[in-house]
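Hi everyone, thanks for coming. Let me put the sequence and the structure up on the screen for you.

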Amino acid sequence: MSDGPTYGFDTLQIHAGARPDPATGARQTPIYQSTAYVFRDADHAAALFNLQEVGYIYSRLTNPTVAVLQERLATLEGGVGAVCCSSGHAAQIMALFPLMGPGKNVVASTRLYGGTVTQFSQTIKRFGWSAKFVDFDDLDALRDAIDDDTRAVFCESVANPGGYVTDVRAVADVADAAGLPLIVDNTSATPYLCQPISQGATLVVHSTTKYLTGNGTVTGGCIVDSGKFDWSASDKFPSLSAPEPAYHGLKFHETFGNLAFTFHGIAIGLRDLGMTMNPQAAHYTLMGIETLSLRMQRHVENAVKVATWLEDDPRVDYVTYAGLPSSPYADRAKRCYPKGTGGLFTVALKGGYDACVKFVDSLEIFSHVANLGDTRSLVIHSASTTHRQLTPEQQQAAGAGPNVVRISIGIEDADDLIRDLDQALAKACS
Ligand SMILES: *Cc1c(COP(=O)(O)O)cnc(C)c1O
């Protein structure tokens, strides 16, 4: 099929990027388990290596199965192109890589996945990059944090672990006024609940490990390019606007126009960083995406039921689900996330750290794992696991204090989930 704006989300999540295999007619996208691709002749090979012709060379750069996933994600997010890579964390490095340089910084929300806080506050320093964390509800603080060395603004749409919701449009306006790209991690919302590009984001990153694959089988990541940022408007982004010595002085923005970031991600990012997605992973993720909207509807429906039940329980201190009418973000959630705020939230227990540990050990349907966005319901005690490397202040800012359990609601029967939570709370709070 030809993809176009005339098709709805449910159609595109199944068909975008895929076509019957030209060699065999296979209807499902084959797993092209091949490292290399035969050149037609020496001229063809030279044209491919010069980026004068687009095609397959070697699977560190491009692979036909991965290419279908890239086109599907670009379509669902409303972008012009996408680059898949080996994990969500790889996608974040790949997104920042063409923008940053020694001495440059990214201004990031305090409300981020714990692993991202660690990546940004510790590991990127080894590249000479740094991150400044601010509360993105305070747009003046965000404006003040941006300086001459800032090269990107970064946030999550629905933030892990608290289920906090960002007003992407408001943040995008600030980034735009400063002439900076906004990168939105859309992992927890998925393009079904939020399309950051339509609200002004420049790049969208995903851990495809989570809801997009949806069944806890493979790790993967993706960067979707809106194609809307003018990389040549200032001299801040020389990787995209200035001559590239590794390609005989080619300028990515001048040569590839709105696909500059995507081409750079493949021709430089994957070529030299090698954070490549393998075709098996792309296959599992393509399978998952076919049912994304159905699963997200059920995740939201179940999360509303379970969060409502937990909020009324006397053993519970508070629940952070933005989909609850009592949430301080209820108005923003309705305005910016009309289909719901996903299946992720935290619950704080009155019994504190000890009750939380007993609680996660007593659950039967819920699994205690470091993952989210599975068909299965999952829990984790963030303070003793994913957010363990953070300072107590960072834990609080990220919504992952010692009395807090993160819950990723699956697509099981909501009544069974509630019964399981009830019996575990009884054991934890006795
Ligand atoms: C899991 C996750 C990541 C990291 O993704 P990996 O695939 O585990 O590398 C980044 N951001 C968010 C919001 C996540 O949930």
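This is a predicted model: local features need pLDDT of at least 70, side-chain atom pairs count only at pLDDT 80 or more; totals for chains, interfaces and linings use all residues.

Residues are numbered from 1 along each chain as its sequence is written, and side-chain values use heavy atoms, with hydrogens and water left out.

So, let's start with the ligand. There are 14 residues around the ligand, and G88, D185, S207, T209 and K210 come nearest; a residue belongs to that group if one of its heavy atoms lies within 4 Å. By class, that shell holds two nonpolar, nine polar and three charged residues. For the classes, Ala, Val, Leu, Ile, Met, Phe, Trp, Tyr, Cys and Pro count as nonpolar, Asp, Glu, Lys and Arg as charged, and the others, Gly among them, as polar. Helix α4, residues 88-96, gives the most to the shell, with three residues. Helices here are DSSP runs of H or I with at least four residues, strands are runs of E with at least two, and both are numbered from the N terminus.

Which atoms make polar contacts with the ligand, meaning pairs of N or O atoms within 3.5 Å? A polar side-chain atom of K210 sits 2.7 Å from a ligand oxygen. H89 uses a polar backbone atom, 2.9 Å from an oxygen of the ligand, and S87 has a polar side-chain atom 3.4 Å from a ligand oxygen. The protein covers 91% of the 380 Å² of accessible area that the ligand has on its own, by the Shrake-Rupley method with a 1.4 Å probe.

Now the pockets. On a 1 Å grid over the protein atoms alone, a pocket is an open set of points with protein on both sides within 12 Å along at least five of seven lines, a cavity is a set where a 1.4 Å probe fits but cannot get out, and lining residues have an atom within 4 Å of a point. Grid points are joined across faces, edges and corners, and a volume is the space filled by probe spheres set on the points.

The largest pocket has a volume of about 970 Å³. It has 34 lining residues, with V54, G55, Y56, T62 and A67 closest to its centre. Helix α3 gives the most to this lining, with six residues, and the classes are 22 nonpolar, seven polar and five charged. The second largest pocket holds about 350 Å³, and its 24 lining residues include G162, Y164, T320, T346 and G399, which lie nearest its centre.

How many cavities of 30 Å³ or more does a search of the whole structure find? The search finds two.

Finally, two angles. L51, in the loop between α2 (42-49) and α3, has a positive phi near 65 degrees. H248 has a positive phi near 55 degrees, in the loop between α9 (238-241) and α10 (252-256). Is each of them buried or exposed? L51 is buried at 18% relative accessible area, whereas H248 is exposed at 74%; buried means under 20%, exposed over 50%, and partly exposed in between, with a 1.4 Å probe and protein chains only.

Methods
A polar contact is a pair of N or O atoms within 3.5 Å; within protein, one must be able to donate a hydrogen and the other to accept it, and residues adjacent in sequence count only if both atoms are side-chain atoms.
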